Amino acid sequence: MNNATTYDYITELLNKGTREDGRENLEYRALSIKPGTMPNAEGSAEVNLGFTRVLAGVKVVLGEPMQDRPNEGNLAMSAELLPLAAAHFEPGPPSPEAIELARVVDRGIRAANIVDLPKLFITEEKVWDVYVDLYVLNYDGNLFDACTMAATTALKSARMPKYENDAVIREGSLGKLPTKGLLSSCTFGSVAGHIILDTNANEESFADARLTIANDETVVRAMQKGLGGGFTPKEVSDMLDITFEKSKEIRNAINKSIGE
Amino acid sequence: MITMASSQEKPQLIVDGKRLDGRDAGDLRPISIQTNVVKNAVGSAYIEWGNNKIIAAVYGPKEALPKHTANPERAVIKCRYAMSPFSSLEDHGRTGPNRRATEISKVTREVFENVVMLEKFPGSEIDIYVEVLQADGGTRAAGVTAAAVAMATSGIPMTDLPFGVSIGKIGETIVVDLNKIEDNYSDADVPMVISPRQDKILLLQMDGNMTKDNIKEAIDLAKKAGETISKLQSDALRAPYLEVMEKYKGEKSSYDEKQAD
């Protein structure tokens, strides 16, 4: 629906201080977080943010240590914009958008040390590799925040396989993947001169600039500015304040979903 | 618990007439189907078939692109079947379609070329996406079953609602709906898709060893299982309308009022 009529409609609403679904500028859509929806995976979580729906799957498998980090396990993040999730998503190798999405989520999770990688060391030749796959099942904007929530929740609720007598044990009584802290992100869009939180697909298609701020309780862990436009230093500073305020709700929702 | 790769020994798949998950030879696993699960799609369905969890969506009809793929007489179907890298209990899989998935995509497309009324949409394409989020044997049959419901919810006309089921052979017993462990150690596996109104087999694959009589029995069992599966498909399609009917029970519609005038 990327056309002039939709743009005029969205602009008119924003000028009146509202949005397509009646939200305020800095309001999130209805959020639900369900961990453990795919029990074959060591960890999983489905996030519904309005009509955006993403699934994160975590697999923990035997791997080898990286040369530059010989004493810890590895983390790999990837994102799939499934062609069934939107009419304009095409099958094929990951698009630049999918790669950016995975890398931004990865940076936050890594910087916040969500996965306790040193605890994934087994021997000098063997460590655990943690794969996080982000599956977009329906696209209606703001994949960054939905995917960060899904990845964090899936990792926090993941089980830890055992390595005994040269075999990996994935069933039976298992502990939890070693994790620390809690990460979420807030993504802002600059649409028709207004800064709004949690853009839907229509709003996102007209955004001039985008800023994702990923933080835990105390500090900012990752940021990414996207799209052609920019923000003033004052705007960035305001968005940081809003993020620390808003992210409490998200972290509470994640904690509640995993029973902590 | 059964560890697979490490053990060369074949587990006993049928003990005292019961299968490992407690089923009899002719029993299907529990199946549930939900429609309209992908809001952006024209039609969609989600199926849980045992531990299989599969989402199917249909987009189109739309202009066939690239243009050389278009047929001026009829619509073309494009199909992608893929498994998520976290779908199995074992290692992390590869992302996107591999050779196996490419073959399944092709045979799935051919199923729908038989039942979709393609001549209604010349020059256009219809896209079918089957994403296996979690796998436990029989995903192609479950995928086609879900895709058929997705196609029906899209409103694209079809001549029939096909269903899929996999029949297997364990020792000398022909069994319905192999799960993953059974599939790994069975003597034969026959995934099938049947178009029940036309009584036609639209997908048939087989590997292992089977006699002529085995195959005849497998087809009979598939048709019998199909009675259950077809009913679940049409119940899923009907469910949203029954909800609306229940909600407005006893109320007069604008149509009723017009008739009264």
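Two salt bridges are counted between chain B and chain A in this predicted model. One of them pairs A:Arg170 with B:Asp91, with the closest N and O atoms 3.3 Å apart. Over all chains, a search of the whole structure finds 40 salt bridges.

**Interface between chain B and chain A**

- The contact involves 29 residues of chain B and 29 residues of chain A.
- About 2700 Å² is buried between the two chains, and carbon and sulfur atoms give 62% of that area.
- B:Phe86, B:Leu89 and B:His92 supply 27% of the area that chain B buries against chain A, more than any other three residues.
- On the side of chain B that touches chain A, β5 (52–63), β6 (76–83) and β7 (124–134) of chain B each supply at least two residues.
- β5(B) gives the largest share of that side, five residues.
- By residue class, the side of chain B that touches chain A divides into 15 nonpolar, seven polar and seven charged residues.

- A:Arg170 sits in the loop between β8 (167–169) and β9 (175–176) of chain A.
- Its relative accessible area is 11%, under the 20% cut-off, so A:Arg170 counts as buried.
- Toward chain B, the A:Arg170 side chain pairs with B:Asp91 in the salt bridge. The side chain of A:Arg170 also reaches the backbone oxygen of B:Leu89 at 3.4 Å.
- Within chain A, the side chain of A:Arg170 makes a polar contact with the side chain of A:Glu42 at 2.9 Å.
- Beyond its neighbours within four places in sequence, A:Arg170 is in contact with residues of both chains, including A:Lys59, A:Val60, A:Arg159, A:Pro161 and B:Glu90.

**Salt bridges within chain A**

- A:Lys234 forms a salt bridge with A:Asp238, the closest N and O atoms being 2.7 Å apart.
- Both residues lie in helix α5 (residues 233–257) of chain A, four residues apart, about one turn of the helix.
- A:Lys234 counts as exposed at 55% relative accessibility, whereas A:Asp238 counts as partly exposed at 30%.
- A network of salt bridges links A:Arg19, A:Asp21, A:Arg23, A:Arg29, A:Asp140, A:Asp198 and A:Glu203.

**Salt bridges within chain B**

- B:Asp21 and B:Arg23 meet through their side chains in a salt bridge, 3.0 Å from N to O.
- B:Asp21 is partly exposed at 38% relative accessibility, while B:Arg23 is buried at 6%.
- B:Lys231 and B:Asp235 form a salt bridge through their side chains, 2.8 Å from N to O.
- B:Lys231 and B:Asp235 are four residues apart in helix α4 (residues 212–247) of chain B, so about one helical turn separates them.
- B:Asp235 is partly exposed, with a relative accessible area of 30%.

**Fold of chain A**

- Chain A has five helices and 13 strands.
- The radius of gyration of chain A is 19 Å, close to the 18 Å that the globule rule gives for 260 residues, so chain A is as compact as a globular protein of that length.
- Along the principal axes, the C-alpha atoms of chain A fill a box of roughly 65 × 40 × 35 Å.
- Of the 260 residues of chain A, 53% count as buried.
- Among chain A contacts between residues at least 6 apart in sequence, 68% join residues at least 24 apart.

How values were computed. Residues are numbered from 1 along each chain as its sequence is written. Chains are lettered from A and ligands numbered from 1 in the order in which they are written. This is a predicted model: local features need pLDDT of at least 70, side-chain atom pairs count only at pLDDT 80 or more; totals for chains, interfaces and linings use all residues. Side-chain values use heavy atoms; hydrogens and water are left out. Contact means heavy atoms within 4.5 Å. Buried area is the accessible area (1.4 Å probe) that two parts lose on being put together, summed over both. A salt bridge is a side-chain nitrogen of Lys or Arg within 4 Å of a carboxyl oxygen of Asp or Glu. Ala, Val, Leu, Ile, Met, Phe, Trp, Tyr, Cys and Pro count as nonpolar, Asp, Glu, Lys and Arg as charged, and the others, Gly among them, as polar. Buried means under 20% relative accessible area, exposed over 50%, partly exposed in between (1.4 Å probe, protein chains only). A polar contact is a pair of N or O atoms within 3.5 Å; within protein, one must be able to donate a hydrogen and the other to accept it, and residues adjacent in sequence count only if both atoms are side-chain atoms. The radius of gyration is taken over C-alpha atoms; the globule rule is 2.2 Å times the number of residues to the power 0.38.
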